[in-house]
Amino acid sequence: MLIRRREDIPFSEITPKSVYLNRRKFLAGIPPAFLAARAAKAGMKLPGLAKSPFSTTEKITPYKDVTTYNNFYEFGTQKDEPSKWAQGFKTSPWTVSLEGEVTRPRKFSLDELLKLAPLEERIYRHRCVEGWSIVVPWVGYSLSALLQQSQPTAKAKFVEFQSFFNSGQMPHAAGIQFPYAEGLRLDEAMHPLAFLCFGMYGETLPPQDGAPVRLVLPWKYGFKSIKSIIRIRLVGSQPATTWNMENSHEYGFYSNVNPHVDHPRWSQATERRLGEFFKRPTLMFNGYDQVASLYAGMDLKKYF
Ligand SMILES: Nc1nc2c(c(=O)[nH]1)N[C@H]1C(S)=C(S)[C@@H](COP(=O)(O)O)O[C@H]1N2
Ligand SMILES: [Mo]
């Protein structure tokens, strides 16, 4: 039998869960095109994951909670809507364009992105600005691995991200302007904790959690972690971001988790883990002190 390294296996050949469970029954006489058409679906095993030293040892939030209590306004504004309305979301073919102030602008297919760096499992805390938090085993690699490919020019100071939007596929989209947009300073984006994410719980992302590729920025409020990314643009000045455009008084560009700076309408001092009853204190930078040097000398009450 020919054994291939994980990097050699195209994404389109990673086996859907429903298929590997019935592998023998399935493989006989199934046209390859049929298998390929199913391939970009959620819930496919991502094998050979490296463990990350950045992982927390805290209790992982149940998969059910993380996949049925979501914010993804393209699929509705209520927490239980994305898991209902995103199920048919078409994530194949998918390309991500890396462009702007770069020496080598390039479009990547999802297969190319998955092969760019070894996939690892990172167990991160993640906190929504609304006061709930989760602990999730994400799958992906540091965003810096992708950004380095583009060779940013000297003019590149920020990174702008854009989500896919199509009203035909997203008839329940509401509440904000689309497409969803986010941004980071270039040094934040290059920090090893900034994570380009393709999966969770050892499988490809379910659509409601941002399939096929999203950011996870564990030291920032959840809305910075943009889902279903199609464009990454290096730029010279601070980009406009969705929630800041909606309400600049409530949502700043930085949006670092900070228990000392309250949201104008509620305290940020505590949070509730999904699936738990009692609240717990919220930690500065969500406990990710490694990022503190990025903000040395900045007034974080002003740059909230
Ligand atoms: N494109 C897009 N990305 C998004 C959002 C959104 O509405 N659209 N919601 C954000 C918010 S407010 C949060 S808290 C997280 C939620 O991620 P999760 O549902 O996987 O927990 O996604 C963020 N990314
Ligand atoms: Mo959020």
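Biologist: How many disulfides does the count come to?

Modeller: This is a predicted model, in which local features need pLDDT of at least 70, side-chain atom pairs count only at pLDDT 80 or more, and totals for chains, interfaces and linings use all residues. Residues are numbered from 1 along each chain as its sequence is written, chains are lettered from A and ligands numbered from 1 in the order in which they are written, and side-chain values use heavy atoms, with hydrogens and water left out. A disulfide is taken as a pair of cysteine sulfur atoms within 2.5 Å. By this rule, the number of disulfides is zero.

Biologist: Is C197 buried or exposed?

Modeller: Buried means under 20% relative accessible area, exposed over 50%, and partly exposed in between, with a 1.4 Å probe and protein chains only. The relative accessible area of C197 is 0%, so this cysteine counts as buried.
C128, at 8% relative accessibility, is likewise placed in that class. The answer for C197 is therefore buried.

Biologist: What percentage of the residues of the protein count as buried?

Modeller: The protein has 304 residues. Those that count as buried make up 51%.

Biologist: Which residues come nearest to ligand 1?

Modeller: A residue is near a molecule if one of its heavy atoms lies within 4 Å of it. There are 16 residues around ligand 1. Those that come nearest are Y73, E74, D209, R214 and K227.

Biologist: What percentage of the exposed area of ligand 1 does the protein bury?

Modeller: A polar contact is a pair of N or O atoms within 3.5 Å. In the side chain of D209, an N or O atom is 2.7 Å from an oxygen atom of ligand 1, while a polar side-chain atom of S163 lies 2.9 Å from a nitrogen atom of ligand 1. Accessible areas come from the Shrake-Rupley method with a 1.4 Å probe. Ligand 1 taken alone exposes 530 Å², and the share buried by the protein is 98%.

Biologist: Is K84 exposed, partly exposed or buried?

Modeller: K84 belongs to helix α5, which spans residues 82–85; helices are DSSP runs (H or I, at least four residues) numbered from the N terminus. The relative accessible area of K84 is 48%, so this lysine counts as partly exposed.

Biologist: What distance separates the C-alpha atoms of K84 and P207?

Modeller: K84 and P207 are 123 residues apart along the chain. The separation of their C-alpha atoms is 9.9 Å.

Notes. A polar contact is a pair of N or O atoms within 3.5 Å; within protein, one must be able to donate a hydrogen and the other to accept it, and residues adjacent in sequence count only if both atoms are side-chain atoms. Helices (H or I, at least four residues) and strands (E, at least two) are DSSP runs, numbered from the N terminus.
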